[in-house]
Structures are given as C-alpha cells and as structure tokens.
Amino acid sequence: MSAKFDFTGGKELVKMLNQMATPQKSIQFIRNGTNKSAQIVKREAKSKVPVDQGSLRRSIIVKRRKTKNGFVSVSIGSTSPIAHLIEFGVKRHLMNQTRGRTTTKKKVGIGGDVVFNTFMHSGHPGMPFLRPALESNVLQIVDKIKDETKKSLFRWVDKNKQRGV
C-alpha cells in the first residue's frame, strides 16, 4: 500500500538543471528534495495511525525508486499486512476459524462430518492515515522539494567554485 503524488513542471526543472550540471547530478538534486519531502508525509502518517499498536507505526516507510526518463519517485507506504485493512476498512464477511479464536461459530459439514468452522466478521469502516497525511501536506511537499533542490544545487555550485571549476 502506498500513495502517489505527481506535480507538473518536473521535466522543465530537470531540463534547467541539466544546463547547469550533468544529468546525473540534476537527478540527485531533485532526489534530495523528494526524499526530504517524503519524510513530511511519513511523520504525519505515523501520527495519524488510529491504533495503539506500535508495529503499524513502525511499518511506515519511504522507498526510493529508480529514475526513468528523468522522473524521480519515492513512495510512502507500509510493510504491515494489515495497513490496507485499517486505511480502507473491511466489509462484513464470512471467515474460517483460525487458531481457535471464533465468534458466532458456525460448523459447515458434509454428511455429518465437520469440514471447517466459520464465523461472520462484522467488518469495520476505514480509518485512513496515509492518504490524509499526503493530502494535508501537498503545499509543504512542493515547497520542500523546491527548497531542498535549491539547497543541493547551491551546495554543488559553492563546492565547484572552491575547486575553481
């Protein structure tokens, strides 16, 4: 489970940076900005996790993706197997008994032999934490990408001035 955010002007930014530095450096400048902006969403998502279990909070990660065609990508998601159930909710449904825990048990059998025990899961509404973390920080994300890209570029320019390049 992960969230995606696109912004316009990325190709123009890469083109402008390529005029100042190598394409690899340009991508590195932007990657620095996207990595820092992803941390904003990660922190916010962790604060919005609606359950008291620390494992779901700890499972929220930022994953850097390889660049293709001048695009820089990071995804913010969860490695937890229950994250999507919390984010989107669960409809009422029939489940098989697991590890001896059941509620409203119903035995299903064929010719008098029990095949498996089932129960009705009541379901629950979604309690989003990842999508709201992204949506509530769109302006901060864009500003962070811009600021961090600019900082990376200025550091590179200063470093090259000192070298006399």
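**Exercise 1. Decide whether T34 is buried or exposed, and find its contacts.**

Step 1. T34 has 7% relative accessibility, so it counts as buried. Buried means under 20% relative accessible area, exposed over 50%, and partly exposed in between (1.4 Å probe, protein chains only).

Step 2. T34 sits in helix α2, residues 23-48. Helices (H or I, at least four residues) and strands (E, at least two) are DSSP runs, numbered from the N terminus.

Step 3. List the contacts, leaving aside neighbours within four places in sequence: V72, V74 and I145. Contact means heavy atoms within 4.5 Å.

Ground rules for every exercise: this is a predicted model, where local features need pLDDT of at least 70, side-chain atom pairs count only at pLDDT 80 or more, and totals for chains, interfaces and linings use all residues. Residues are numbered from 1 along each chain as its sequence is written, and side-chain values use heavy atoms, with hydrogens and water left out.

**Exercise 2. Describe the largest nonpolar core and the contacts of L56.**

Step 1. A nonpolar core is a set of buried Ala, Val, Leu, Ile, Met, Phe, Trp, Tyr and Cys residues joined through side-chain atoms within 4.5 Å.

Step 2. The largest such core has 18 residues. Those with the most contacts inside it are V41, A45, V49, L56, I60, I76 and F129.

Step 3. Assign the elements. At least two core residues come from each of α2, β2 (60-68), β3 (71-78), α4 (83-88), α5 (130-135) and α6 (138-163).

Step 4. Take L56. Beyond four places in sequence, L56 contacts V49, V51, S78, S80, A83, I86 and F129.

**Exercise 3. Locate R92 and state what it touches.**

Step 1. R92 lies in the loop between β4 (89-90) and β5 (93-96).

Step 2. Its relative accessibility is 61%, so R92 counts as exposed.

Step 3. Compare sequence with space. R92 and S122 are 30 residues apart in sequence, yet 4.7 Å apart in space, C-alpha to C-alpha.

Step 4. Not counting residues up to four places away in sequence, R92 touches M120, H121, S122 and G123.
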